[in-house]
Amino acid sequence: MKRIEALAVLAELSRRHPVVVTCAATSRELAAVRDSDNHFYLLDAMGLVGSVATGLALGLNPDRPKVVGIEGDGSLLMNPNVLPTGGYLAPANLLLVLLDNGIYGSTGELPTYSSHIDLEALAAAAGWTTRSTATADGLRATFTELLDVEKPAFLHVRIEPGNAPDVAKLLLDPVSLRDRFARWLRDEHLVTAVKA
Amino acid sequence: MTYAKAVADGIWAANAVKVGYIPSVTVAPVIKALVATDGGGNGVSSRVTPLSREEEAVGVMGAFALTGALGAIVMQDNGFGNALTALATFPTSYHLPLLIFANARGGLGEYNSMIHSISQPVPAILRAVGVPVFELDRRHSIDAWRDTVCEAGVHAVMTHRPVVVLGSFWNTDGMVA
């Protein structure tokens, strides 16, 4: 399964969820598959998906659809602190999906540690409920299963290396992304505008 | 009233809903005051939590603005080297309010022979990336510390960006390090 195929599945599964997406090729490919107001693209904040998703989960009503983070192996390894922090803070409404292709797909396809380091085991050791898969059907099944877990959930998805060809760069103003995402949260999660 | 309690009171008065901290001996009294006023103990309460690194704190606490609330960070100024990319690419770029109080190191009363290498340029570094900085020290009253921290939080919300308050505890009732 290529990354864009996994993202096509995730785009369908996460329509009602706040989705925090890692930068570069992953954001571009998700936007190409299906751009949506519930997608919060981190255009350049590599390594922050788990942190932002954790903060978002802590700030939202846990009875609403879970916050979904879509992260890459290289980005997670840039800030692996998110695993112990998520396990410690333990928001029940957090699902982190790791798309692991073993390389830095957006930066020259150089290898990450993931061929040697078991990232799912790291998450499990930090207190996350974990599952793994490498197929589209498995992704649907495990994603759905983890939605019922009442603790931080981690889905390790093995994907093939390679970026989808001819996908346009995301040239969006981050402020416009914030506005549309915050508006979607206000409508769907009943949060209010920040007040002084 | 102590300077540390004034900082804690200012953070709550700014309507911060959650405070993440990265420990230092200088801000420990601030953290203890935050926890005590929130009914917790041993460094943790319902609204106060430890975090393991500064850029992570920017991500976790900055995300609260997306939910319509204000997050806050308590840290030491030498951690801004860790936090700079996260600050620039997340709350600054997305125009998200975030209140940060950091104790200042590397100045008067400093014992460490190298920490000034990062701490002294911190105000200039932050201003260079567009993060407003308000500085407090022994010349400001305890009330001014509380009011400045509170108003910095209001300023963050009103101007849609992270705002930093740097406090030097030298010659106050606190400690430098």
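Hi everyone. Let's start where the two chains meet: chain A brings 33 residues to the contact, and chain B brings 30 residues. Please keep in mind that this is a predicted model.

How much area is buried between chain A and chain B? About 2,500 Å², and carbon and sulfur atoms give 70% of that. As for charged pairs, the count of salt bridges between chain A and chain B is zero.

Which elements of chain A give two or more residues to the side that touches chain B? They are strand S2 (39-41), helix H3 (49-59), helix H5 (82-89) and helix H8 (174-189). H8(A) gives the most, with seven residues. If you sort the residues on this side of chain A by kind, you get 23 nonpolar, seven polar and three charged.

Let's stay with helix H8 of chain A for a moment, as that is where you will find A:Arg178. Is A:Arg178 buried or exposed? A:Arg178 counts as buried, because its relative accessibility is 14%, and the cut-off for buried is under 20%. Its side chain reaches across to chain B, to the backbone oxygen of B:His95, at 2.6 Å. Leaving out residues up to four places away in sequence, A:Arg178 touches A:Phe40 in its own chain, and B:Leu66, B:Tyr94, B:His95, B:Leu96 and B:His160 in chain B.

Now let's cross over to chain B and look at B:Thr49. This residue lies in strand S2 of chain B, which runs over residues 48-50. With a relative accessibility of 4%, B:Thr49 counts as buried too. What is B:Thr49 in contact with, beyond its neighbours within four places in sequence? From chain A there are A:Tyr88 and A:Leu89, and from chain B there are B:Lys18, B:Val19, B:Gly20, B:Tyr21 and B:Met61.

My last stop is helix H7 of chain A, residues 136-146. Its buried residues include A:Gly138, A:Leu139, A:Thr142, A:Phe143 and A:Leu146. Why do they sit on the same side of H7(A)? Because they cover an arc of only 125° around the axis. In general, an α-helix has 3.6 residues a turn, so residues three or four places apart point the same way.

And what covers the buried residues of H7(A)? The cover includes helix H1 (3-13) of chain A, along with strands S3 (67-72), S4 (94-100), S7 (129-133) and S8 (153-158) of chain A.

Definitions and conventions:
Residues numbered from 1 in each chain as written. Chains lettered and ligands numbered in written order. Predicted model: local features only at pLDDT ≥ 70, side-chain atom pairs only at ≥ 80, totals over all residues. Heavy atoms only, no water. Contact = heavy atoms within 4.5 Å. Buried area = accessible area lost by both parts, 1.4 Å probe. Salt bridge = Lys/Arg side-chain N within 4 Å of Asp/Glu carboxyl O. Helix = DSSP H or I, 4+ residues; strand = E, 2+ residues; numbered from the N terminus. Nonpolar A, V, L, I, M, F, W, Y, C, P; charged D, E, K, R; others polar. Buried < 20%, exposed > 50% of the residue type's maximum accessible area, 1.4 Å probe, protein only. Polar contact = N/O pair within 3.5 Å; in protein donor to acceptor, adjacent residues only side chain to side chain. Arc of directions from axis to C-beta.
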